[in-house]
Amino acid sequence: IQREVRPDAVAADLLARLQVPVARAALSDPAFFVRDQHPARELLNAVAEAGANWLGEDDVDPQLVQKLGRAVDQVVDDYQGDAAVFEAANEDIQQHFRALAHKAELAERRHVEAARGKERLESAKQQAGASIEQLCAQSDPPRFVQPLLKQAWSDVLTLTLLRHGEGSEQWQQREQETARIAEVTCQPPGTAPSDADLGGQVEAALLQVGYHQDEAAAIARRLSSPGGEDEGSSRTELTARIRARTRLGEQGEGHEPRKVAPLARNVAEEDCYRQLRTLPFGTWFEFTTNQQGDLRRQRLSWYSLLTDNALFVNPRGQKVGEHSLDALARLMAHGQVRIVSEDKSRLIDRAWQATLRTLRSLAGPGPAAETAP
């Protein structure tokens, strides 16, 4: 059992302290060796699995450590041949495990919802961008108008999609306004008056995505005037202010780093990439953390085929990493990450079977070895 628990882990000391009471239980009750659900084995397994799964190197839970310590103290101090002492200590631990599992589920759910929100935002951005790119290709608005459409007006379209969806009346209205912007701005300057109604609609929409009153008004005047001309604002100043703005959904100031297309994957990396895109949520991975080969286990909580992002959590449901599927595939191909094939049996049962195999190998082949329990 201790081979699956790090020597420096808190649980290693607890397991060492359990050796005497567990040995006493095994000597006094032969059912210990044949009864899978024996209370002493149940407690031993609970402490061992806590050390192997819950108490990570950089993720020690003080409350769980305290709960395990009290349970072991209770057994060491009170056990006098009554297996109920093991049973009571284990039940106390199991109640704590159930509470931890519930907290982990809630924490993980929040992280997944946040990741799905980012995915919806990215999808809306892509659709809004594609709509404007198509408009620019078909109508060819003036050069200065196009950045206004691709930045300011794109945020308006993105927000409308997020709030109301593609089939909504609000989205249809935005499409009509976008078409009207192209129609007005493609006219030569001075050939027609500005469209005041359109300008008011554009300004109101820009205010909803966080533009200041003066910026929204300046952009609206240009998007509702022939040729995109406006004597009341400077092109240079307006361009600088728009570029300095934080776009819808971005964090911090300025623009997000431009996404660079990944390098071509080799055959092994491509095979790993295809495998990753078919994995079920909840798959466990082991990451190599240093040159000594130390491993850290993390669970694939969620991933997006749209954004290529994968979210990883620890057993407590806390976010511990976020990787692109492409980067993950490259790590897998180079042996830095591997998928864990989960063994559904309990740690103590695996250890018990390994112990029996060792004893049989020492006994050598023969009838006795073949019929060993």
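**Before starting.** I call a residue buried when its relative accessible area is under 20%, exposed when it is over 50%, and partly exposed in between, using a 1.4 Å probe and protein chains only. Strands here are DSSP runs of E with at least two residues, helices are runs of H or I with at least four, and both are numbered from the N terminus. I also noted that this is a predicted model, in which local features need pLDDT of at least 70 and side-chain atom pairs count only at pLDDT 80 or more, while totals for chains, interfaces and linings use all residues. Residues are numbered from 1 along each chain as its sequence is written, and side-chain values use heavy atoms, with hydrogens and water left out.

**Entry 1, the whole chain.** I looked up the elements and found 13 helices and five strands in the protein chain. Next came the overall dimensions: the C-alpha atoms fill a box of roughly 105 × 45 × 35 Å along the principal axes. The radius of gyration of the protein chain is 32 Å, whereas a compact globule of 373 residues would have one near 21 Å. That radius is taken over C-alpha atoms, and the globule rule is 2.2 Å times the number of residues to the power 0.38.

Of the 373 residues, 41% are buried. The protein chain exposes about 20900 Å², and carbon and sulfur atoms supply 50% of that area. This comes from the Shrake-Rupley method with a 1.4 Å probe. I then looked up the charges: the mean positions of the 45 positive and 55 negative ones are 2 Å apart. Lys and Arg count as positive and Asp and Glu as negative, with His and the chain ends not counted; each charge is placed at NZ of Lys, CZ of Arg, CG of Asp or CD of Glu.

**Entry 3, β1 and its partners.** Which strands pair with β1? I call two strands paired if DSSP finds at least two bridges between them. Strand β1 (residues 284-288) runs antiparallel to β2 (residues 295-303), with five bridges joining them. In this pairing F287 stands opposite R296. Six residues lie between the two strands of this hairpin, and G293 takes a positive phi near 85 degrees there. β1 also pairs with β5 (residues 337-339), again in the antiparallel sense, over three bridges; here E286 has R338 as its bridge partner. Four of the five residues of β1 are buried.

**Entry 4, β3 and its partners.** I moved on to β3 (residues 309-313), where four of the five residues are buried. β2 and β3 run antiparallel and are joined by four bridges, with Y303 opposite A310. β3 pairs with β4 (residues 319-324) in the antiparallel sense too, over five bridges. The hairpin of β3 and β4 has five residues between its strands, and G317 has a positive phi near 80 degrees in it.

Most residues other than glycine have a negative phi. I therefore wrote down two aspartates. D308 is not a glycine, yet its phi is positive, about 75 degrees. It sits in the loop between β2 and β3, a hairpin with five residues between the strands. D140 is likewise not a glycine and has a positive phi of about 50 degrees. D140 is found in the loop between α4 (84-139) and α5 (145-164). Is each one buried or exposed? D308 is buried, with a relative accessible area of 15%, whereas D140 counts as exposed at 56%.

What does E108 touch? E108 lies in helix α4 and counts as buried at 13% relative accessibility. Leaving out residues up to four places away in sequence, E108 touches R299, S301, V313 and G317, where contact means heavy atoms within 4.5 Å. E108 and K319 are 211 residues apart in sequence, but their C-alpha atoms are 7.4 Å apart in space. For the protein chain overall, among contacts between residues at least 6 apart in sequence, 60% join residues at least 24 apart.
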